[in-house]
Amino acid sequence: MSTHVTPDRSRAKRAGGAARAGRGTRAMTDEPVKTSYREAMRAALREALQRDDRVFLMGEDVGRYGGCFGVSLGLLEEFGPERIRDTPLSESAFVGAGIGAAMAGMRPIVEIMTVNFSLLALDQIMNNAATLLHMSGGQCNVPLVIRMTTGAGRQVAAQHSHSLEGWYTHIPGIKVLAPATLEDARGMLWPALQDPDPVLIFEHGSLYNTQGTLAADAAPLDITTAAIRRAGADVTLITYGGTLGKALAAAGDLASDGIDAEVIDLRTLRPLDDATFLGSVSKTHRVVIVDEGWRSGSLSAEISARITEQAFYELDAPVERVCSAEVPMPYPAHLEEATLPQVTGIVAAAQRAVA
Amino acid sequence: MTGPGGFAPETPAAAAHRSELLREMLLIRRFEEKCVELYSAGEIRGFVHLYIGEEAVAVGVNQALTPEDNVVSTYREHGHALVRGIPVEAVMAEMYGKTTGCSRGRGGSMHLFDAGRRFYGGNAIVGGGLPLSVGLALAGKMRGDQRITACFFGAGAAAEGEFHECLNLAALWDLPVLFCCENNRYAMGTALEREHAQTDLALRAASYGMTAWPVDGMDVLSVENAARRAAEAIRAGGGPHFLELRTYRFRAHSMYDPDRYRDKAEVARWRERDPIVVFTTRLREIGELSDDELASIEEKLAAQIEESITAARAAPAEPVTDLTKFVYSPVPS
């Protein structure tokens, strides 16, 4: 196989130096197309596979099965078994193989079924992917993308439900993305593949069926900045991934209560875009962090620390956090619901902050 | 190429080849003996794992590799790095943690790298290099190049999950990997028999559907012969091969290790099979090596190593301001 990247310089650049590409989408008109998070992610995969023949997808059941969550359905037929590569249940081996292939010039996308399973490959992610560049004195960069499902909400209990992306944000040498919208599901993969270093993409399992519309020419997006999903003046809700929808719903409830909430979607969890959330805190002076991870040693703790370090005198109230209860995820629906951040809890936290 | 018996045909080329094998083994031995001195003197620090006693393995396997092939190694990798052509100066400077080191001093003894020579480390997680070798070989196969990937690891790695995952995956995907298991009989302080229910490691590899066999790792010509056979088969499309290279380390696990777990008599018995002493004796017996020739080799190596030390001492240390450089790749301007 020859190495060839299709240049796409003729089209306008949108952000982060990434070229536009609407080829992965089916629509040929400028009308927005109805789609889902799952389909948007699939379109992003298709675009990457079409544009760069160094790209291949590897993981458990990504081929014939169509992906554990159906994301890669149809790609085997389109791109063949060399590039849509089913693996044995050997997380350490196939993640490490992705690292080796990336060092040798390929652009692998490795899919891990869930973040809980990624722990079987944590050694490869931490001790090799994140470390090789520095340990080799700048010689061995690892242009690898690892995608995995995270989060709860589907009653799949204590070994398939956790939000461990915060652990990964602890590690220098990797980047961590959490697409929460259709646009980001469609637009974050290509720039992640252009990154010379390893990028982990966390897809919240509850998002795959999210329906919506996407511009027909939906393009790769910037992956370095947080986004303000709802502008507001009274309180800042900081979140990402699966809890963005809950934060927006809470903001709606708060609005009817006369509280104008601003909602920040972090999008990129490492490196954090401090400027966006600090700017918001400087405007609203009150903040609630919503994080589906456990509270202790969490990403929410890191954000809280950064706010107190860099914007302490902007705060008019203590930082509030809404996190998951510190238990392994229980199976029954009512207990799962009680474990996770919910809209009512976010609303209550915001009300405390503005009181 | 020479057979396992080793010494026919008696051509000048064969004799020169054997002399080179000896020189390479001596380079590793003398380099590491100097490392012991420098470590004891406090000039180099960290974990230093010596290869002394195992030199025939690195030198023999390397004969079957081309400069285009990939190598993945372990934390006991000074020998592999040197035979792959990483300059002595760069390896020594790495021991000193200087910017002229082969990893800019960032890695030290356990993390020697040279991407240009396709030497992908110095991996200090037991079994951690095996998945990398599978990926390097997969990339080569997908791109249609002719490289093979030689992956060195110890007998201890055969107890790790990665051993099983990677042998399975390499065989399943028919990848050009030469698995080189350096069985020195100990996983740090734990003897092979105390660690493995099945101590025949080649047998275990064969169960994954690849050709595997044990090799006398104390005899450089046996290792060379086996590696050439395996590499040839891999290059011909025969998929992964596995060599269990039976060897012994004469020194402790690392410079920290008091070596309380081995019988002194056992060490002495293996020392009688010292790959360098035995090979030197055989070359002398057949008249291929005179005292003068040996002295000349030793003298040149000593000078080369001394020069590398002088250069490493004088080399600059990395400025602290560059501490976080290479955590991420530089952003293209």
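Author: Here are a few labels, each set against its definition. This is a predicted model, where local features need pLDDT of at least 70, side-chain atom pairs count only at pLDDT 80 or more, and totals for chains, interfaces and linings use all residues. Residues are numbered from 1 along each chain as its sequence is written, while chains are lettered from A and ligands numbered from 1 in the order in which they are written.

Reader: Why is B:Phe119 called buried?

Author: Count the neighbours. A residue is buried if 20 or more other C-beta atoms lie within 10 Å of its own, exposed if 12 or fewer, and partly exposed in between, with C-beta atoms placed from the backbone. B:Phe119 has 24 C-beta neighbours inside 10 Å, so it counts as buried. You'll find B:Phe119 in strand β2 (residues 119–123) of chain B; helices (H or I, at least four residues) and strands (E, at least two) are DSSP runs, numbered from the N terminus.

Reader: Which residues does B:Phe119 touch, leaving aside its neighbours within four places in sequence?

Author: Contact here is a matter of C-beta atoms, placed from the backbone, lying within 7 Å. B:Phe119 is in contact with B:Val71, B:Ala81, B:Arg84, B:Ile86, B:Phe113 and B:Asp114.

Reader: How do you know that the span of helix α6 (residues 161–172) of chain B agrees with what it should be?

Author: The expected span is 1.5 Å times one less than the number of residues. For the twelve residues of α6(B) that gives 16 Å, and the end C-alpha atoms are 16 Å apart, so the two agree. Helix α1 (residues 37–51) of chain A passes too: its 15 residues should span 21 Å, and its ends are 21 Å apart. As for cover, 13 of the 15 residues of α1(A) are buried.

Reader: Which residues of α6(B) are buried, and what do they pack against?

Author: The buried ones are B:Glu162, B:Phe163, B:Glu165, B:Cys166, B:Leu167, B:Leu169 and B:Ala170. They pack against α3 (91–103) of chain A, plus α5 (129–143), β4 (177–183) and α8 (201–206) of chain B. Just after α6(B), B:Asp174 takes a positive phi of about 60°.

Reader: What makes α5(B) roughly parallel to α6(B)?

Author: Axes are lines fitted to C-alpha atoms, for helices over the stretch in contact, and angles run from 0 to 180 degrees between N-to-C directions. Under 35 degrees counts as roughly parallel, over 145 as roughly antiparallel, 65 to 115 as roughly perpendicular and the rest as oblique. The axes of α5(B) and α6(B) come within 9 Å and cross at roughly 15°. That makes α5(B) roughly parallel to α6(B).

Reader: How many residues does each chain give to the contact?

Author: Chain A gives 36 residues and chain B gives 34. The largest share of chain A's side, eleven residues, comes from α3(A).

Terms used
Two residues are in contact if their C-beta atoms, placed from the backbone, lie within 7 Å.
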